[in-house]
Amino acid sequence: MSVRNRNFYGLVAVGAFGTVALGLMAGCAPFVMPAFRRICLPYVPATDNQIKNVVAFLKTRKGNVIDLGSGDGRIVMSAAKLGFNAIGVELNPWLVIYSKLKALHLGLNRKAAFKRQDIWKTELKEYENVVIFGVEQMMPQLEVKLKQELAEDACVIACRFPLPNWKEVATSGKGIDTVWLYSKKSL
């Protein structure tokens with residue numbers, strides 16, 4: 001093999017490696033970026049029991065549903081299966097795309113919608129049911145937002161971490177699967 005051919009194959013190998021490395025970085029960035037925010041809200045999939053507990057609370061409700069930090073969209077799709085108009089708000093563009101495709105595949109795209117948006121910039125006044133899989137350090141700030149924006153008959157379903165200053169109406173599950181139901185009326 002001539003020197004010229006080796007240089008050519010070397011450049012091709014470097015180019016291919018560089019392309020793969022950049023692709024991996026671009027694909028992983030939305031999953032790593034939450035760690036650099038003031039409040040880190042990473043994607044951690046809901047357990048099947050958490051989803052069952054949320055669905056049990058939603059079965060007693062009417063109106064529409066918003067899932068703040070909707071991740072893979074399973075809560076939104078479960079709500080849509082119950083007949084709710086449901087929307088998922090998620091910052092990770094890959095999860096939004098995945099959720100939209102999954103809803104389309106399941107035929108739920110008329111009842112389940114997803115948008116890429118910051119939960120802190122999302123208006124909540126038009127929603128009767130809010131679901132949040134938050135982290136402990138964000139819950140006090142979320143309480144303030146919910147109190148300011150929710151209608152009087154709205155409810156909040158919190159998963160993994162409770163709202164620290166609101167009194168729950170009901171609780172379901174144990175440990176990591178615990179889900180708390182709150183009513184703005186009970187404040």
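The model is predicted.

**Overall layout**

The protein has 5 helices and 7 strands. Read from the N terminus, the elements run α-α-β-α-β-α-β-β-α-β-β-β. The protein counts 187 residues, and buried ones make up 41% of them. Now take the contacts between residues at least 6 apart in sequence. Of these, 63% join residues at least 24 apart.

Strand E1 spans residues 64-68. This strand is mostly covered, with 5 of its 5 residues buried. In a regular strand, side chains alternate between the two faces of the sheet. In E1, Asn64, Ile66 and Leu68 point one way. Val65 and Asp67 point the other way. Residues on both sides are buried.

E1 pairs with two strands, E2 and E4. The table sets out both pairings.

Helix H3 covers residues 74-81. Together, E1, H3 and E2 make a β-α-β unit, and the unit is right-handed.

**The loop between E5 and E6**

Strand E5 covers 155-159 and strand E6 covers 170-172. Arg160 lies in the loop between them. Its phi is positive, about 75°, although Arg160 is not a glycine. Is Arg160 buried or exposed? Its relative accessible area is 19%. Buried means under 20%, so Arg160 counts as buried.

Trp166 lies in this loop too. Its relative accessible area is 8%, so Trp166 is buried as well.

**The aromatic pair**

How many aromatic pairs does the structure hold? It holds 1. The partners are Trp166 and Tyr182, and their arrangement is edge-to-face. The distance is 6.2 Å centre to centre, with 80° between the planes. Planes over 60 degrees apart count as edge-to-face, which is why this pair, at 80°, gets that label.

What does the pair tie together? Trp166 sits in the loop between E5 and E6, while Tyr182 belongs to strand E7 (residues 179-183). The pair therefore ties together parts that are 16 residues apart in sequence. Tyr182 is buried, with a relative accessible area of 1%.

Definitions and conventions
Residues numbered from 1 in each chain as written. Predicted model: local features only at pLDDT ≥ 70, side-chain atom pairs only at ≥ 80, totals over all residues. Heavy atoms only, no water. Helix = DSSP H or I, 4+ residues; strand = E, 2+ residues; numbered from the N terminus. Buried < 20%, exposed > 50% of the residue type's maximum accessible area, 1.4 Å probe, protein only. Pairing = 2+ DSSP bridges. Right-handed = clockwise from strand over helix to strand, strands pointing away. Phe/Tyr/Trp six-rings, centres within 6.5 Å; stacked < 30°, edge-to-face > 60°. Contact = heavy atoms within 4.5 Å.
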